[in-house]
Amino acid sequence: EERGQRMKIGLVGLGKMGHNLALNLKDNGHEVIGFDLSEESRTAAEKNGITTVASLSEQIGRLSAPRILWLMVPSGAATQAVIDEALNLLEPGDVLIDAGNSNYKDSVRHGKVCAGKGINFLDVGTSGGTSGARYGACLMIGGDQKAYDLLAEVFDQVSCEDGCVYVGPAGAGHFMKMVHNGVEYGMMEAIGEGFAIMREAPFDYDLAAVAKNWNHGSVVRSWLMELAEAQLTEHPDLADIKGIVAASGEAKWTVEAALAEEVPAPVIAQALFERNASQMGEENFSNKMVSALRNGFGGHAIVSE
């Protein structure tokens, strides 16, 4: 099939998500120049045919105007450090994309700072886990409309069908992703509780078979239910998984937004509090299930028994 424009893209962050996205971009005919502070991550990317450089200045130097810098970096201090450095190296008309899990308020601020320098900013909420990054992600995009228009074809190529949407000014993409993660917390908690009840039932259920059945034609069929089946098959009774569940901060932000908007969100709030309780070592099967699901979609570490 006829390909669109071949873009040269600087990808910052070659961890689980960035590495897979780089391969996805490459599959779609784009030239990726990757940068990561970790030499190990750079070497792994090089082995898969991704060109890498050892500094942000070298990376930006190898891009041509309008330069496209796509960040897949942990939110908070790490993202801030990259943006601070990038703003001194980029030029008016260039595009800066934050596709990490940044707080939407940071993205609103970054949009303003970029606008002041004539740089186009996009905040891209990215869902679908590591397999999505590799074969078709779900992208929720906010920021400068003209920057989106420039890259619309690229975003379509790396996302799954109907998995890309432009939703408004800077911050809109990350706000949508934040709420998405809150919903995800609630769904995972419900799945965890359901399987905990099934496990204690007066009947002897094969939990992997239950998950498989629920994922075919039932109202609760979903990727999370597929992952539940896969994890229950690979880890019978989740015996080797500890029920300690980390929280990335996204649901906390969702609950804070709900409080600010005075919108009741009891399920999302309770799911967050359950995760917090799990950190205190309150061991239960529901928490084991949530831990297993997180590992399934995001490669999040499982604490093993």
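R62 is partly exposed at 36% relative accessibility, where partly exposed sits between buried (under 20% relative accessible area) and exposed (over 50%), using a 1.4 Å probe and protein chains only. This is a predicted model, with local features needing pLDDT of at least 70 and side-chain atom pairs pLDDT 80 or more, while totals for chains, interfaces and linings use all residues. Residue numbers run from 1 along each chain as its sequence is written, and side-chain values use heavy atoms, leaving out hydrogens and water.

**Salt bridges**

R62 has a charged partner: its side chain meets that of E58 in a salt bridge, meaning a side-chain nitrogen of Lys or Arg within 4 Å of a carboxyl oxygen of Asp or Glu. E58 is partly exposed as well, with a relative accessible area of 37%. How many salt bridges does a search of the whole structure find? The count is 8, and the table picks out a few, among them the E58 pair.

| Salt bridge | N to O distance |
|---|---|
| E58 and R62 | 4.0 Å |
| R109 and D106 | 3.1 Å |
| D237 and R199 | 2.6 Å |

Take R109 and D106 next. They sit 3 residues apart in helix 5 (residues 104-116), so about one helical turn separates them. Helices here are DSSP runs (H or I, at least four residues), as are strands (E, at least two), and both are numbered from the N terminus. R109 is partly exposed at 38% relative accessible area, and D106 is also partly exposed, at 22%.

D237 counts as partly exposed at 36% relative accessibility, and R199 is partly exposed with a relative accessible area of 36%. There is a network to look at too: R67, E91 and D94 are joined by salt bridges that share partners.

Most residues other than glycine have a negative phi, and most peptide bonds are trans. That makes a few spots worth a look.

D237 turns up again here, with phi near 55°, a positive value in a residue other than glycine. L238 has a positive phi as well, about 50°, and is not a glycine either. Is L238 buried or exposed? L238 is buried, at 0% relative accessible area, whereas D237 is partly exposed. Like D237, L238 is placed in the loop between helix 10 and helix 11.

The other spot is a cis peptide bond, running from A65 to P66 with omega near -10°. P66 is part of the loop between helix 3 and strand 4 (68-71).

**Two helices that cross**

Two packed helices are described by the angle between their axes and the distance between the axes. For helix 1 (residues 16-27) and helix 7 (residues 145-158), the axes come within 9 Å and cross at roughly 110°. Those axes are lines fitted to C-alpha atoms over the stretch in contact, with angles from 0 to 180 degrees between N-to-C directions. The two helices are therefore roughly perpendicular to each other, a label for 65 to 115 degrees (under 35 is roughly parallel, over 145 roughly antiparallel, the rest oblique). The crossing of helix 1 past helix 7 is right-handed, meaning that the near helix is turned clockwise from the far one by less than a right angle.

**Inside and outside**

I60 lies in helix 3 (residues 56-61) and counts as buried at 4% relative accessibility.

G281 lies in the loop between helix 12 (266-279) and helix 13 (285-298). G281 is partly exposed, with 48% relative accessibility. Between G281 and I119 there are 47 Å in space, C-alpha to C-alpha, and 162 residues in sequence.

On the surface, V165, V167 and M176 make up a nonpolar patch with about 200 Å² of accessible area together. Patch members have over 30% relative accessible area and no salt bridge, with nonpolar side chains (Val, Leu, Ile, Met, Phe, Trp, Tyr) joined within 5 Å and like charges within 9 Å. The areas come from the Shrake-Rupley method with a 1.4 Å probe, and for residues only the protein chains shown count as cover. V167 is in strand 8 (residues 159-168) and is partly exposed at 36% relative accessible area.
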